Amino acid sequence: MGLYRKGTAIEDISLGDDLDRLLEEATALLNQAGSVQQLEQWRVKFLGRKSRISETLKGLSQLPPEQRAQRGKRANDVKVTLESQLSARQQALSAPACQPRIDVTLPGRHHPQGRLHPITQTVRAILDVFIPMGFEIAQGPEMEFEYYNFDALNIPPDHPSRESFDTFFVDLPSPVPEKGRLLLRSHTSGVQIRVMEKHKPPLRIVVPGRVYRRDAVDAGHSFMFHQVEGLMVDTQTSFADLKGVLGQFLERLFGAGTQARFRPHFFPFTEPSAEVDIACRACRGKGCSTCGRKGWIEIMGCGMVHPNVLKAVGYDSNKVQGFAFGMGVERIAMLRLGIPDIRLFFENDLRFLEQF
Ligand code: DAH
């Protein structure tokens, strides 16, 4: 430091060799500094008030004018270089502490993707067919009054068909005794009544929901399952409309060209009534173990709404008619997805659920 201040080696100084050496030495030491403290020591030594570069700048005024500009510029360049080297080094040293290092060679993290339960998917597939036909979604309570589940649907207390429903009754006093006991609904048909009580025709609804029956559990039965109910009421609704709507539905859900048949049946709440079968997909109608050698698989019940049902909700059965239908969702899901056992839907085994 201060070679020129002492008035010696002016030639050396004017060539700037000492500053080149200074820069070299400082750079080498900076690269060795491995901690914040070492960096600070380096800063004091090479950029501090008493550093060689500071002394050089201070001493410029003592130089002959013809050397001053060149020497001053060189000293300043060195100073700026040292400063920027220092700040780069400071950043490099502090980076690991506050920034996580990214190893781009590591395999990515797996984010498991959720999905809808196959029953939910099937309910949605069913509703998606009816909604474009103008049907609206309606829902009702799972704990229901005897009145809506039975009486208003033309199933009086002594009617033998009550037996076939194997109903769970709820052991609580009824909050509305004139509507009968409380029960877990054994079908979604009661929602027809609830909607018709509140709304005048024309009416088109689909009703998805859970239902309960005291069935022993096996591959084909569960004490809880899902249904989708449908109802249309208008002044000119006919059985032909029912066949048209359900025919469309079956083609959309099971594929174009799906063969279906309407087989006469009995339901208390419809007259006439029918059950709808589709040709067994496994044997194409020939008869196999899937369809119990019948060649057909029963898919849903339907019919023209019974005048007594219309009367129960205060509709004039001479002025309006309607059709209704009801289907079991699990059965449709099993057929569409090739699932052999209804219990699989409710065990929540991911190895099963992840297939859909
Ligand atoms: N509620 C019937 C059942 O659970 C299904 C059903 C049949 C619903 C015919 C209807 C219908 O609306 O018209 O077995």
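Which domains does the domain assignment of the protein chain give? The assignment, which is automatic or taken from a database, gives domain 1 (5-94) and domain 2 (118-353). This is a predicted model, in which local features need pLDDT of at least 70 and side-chain atom pairs count only at pLDDT 80 or more, while totals for chains, interfaces and linings use all residues. Residues are numbered from 1 along each chain as its sequence is written, and side-chain values use heavy atoms, with hydrogens and water left out.

**View 1. The two domains and the confidence of the model.** The C-alpha centres of domain 1 and domain 2 lie 90 Å apart. The mean pLDDT (the predictor's confidence in each residue, from 0 to 100) of the protein chain is 91, and 94% of its residues reach 70 or more. Over residues 1-15, however, the pLDDT is below 50, although this stretch has 23 contacts in the model beyond near neighbours in sequence, a contact being heavy atoms within 4.5 Å. Where pLDDT is low, the predicted coordinates should not be read in detail.

**View 2. The largest nonpolar core.** A nonpolar core is a set of buried Ala, Val, Leu, Ile, Met, Phe, Trp, Tyr and Cys residues joined through side-chain atoms within 4.5 Å, where buried means under 20% relative accessible area, exposed over 50% and partly exposed in between, with a 1.4 Å probe and protein chains only. The largest such core has 43 residues, and those with the most contacts inside it are I126, F130, F249, F325 and M327. A second, separate core of 29 residues includes V191, M196, V207 and A324. Leaving aside neighbours within four places in sequence, F130 is in contact with residues including F135, V206, V245 and L246.

View 3. At 8% relative accessibility, T167 counts as buried. Not counting residues up to four places away in sequence, T167 touches F150, L183, L184, S186 and R214.

**View 4. P156 in its loop.** P156 is found in the loop between α7 (146-149) and α8 (161-165), where P156 is partly exposed, with a relative accessible area of 33%. P156 and I119 are 37 residues apart in sequence, and their C-alpha atoms are 32 Å apart in space.

Note on methods. Helices (H or I, at least four residues) and strands (E, at least two) are DSSP runs, numbered from the N terminus.
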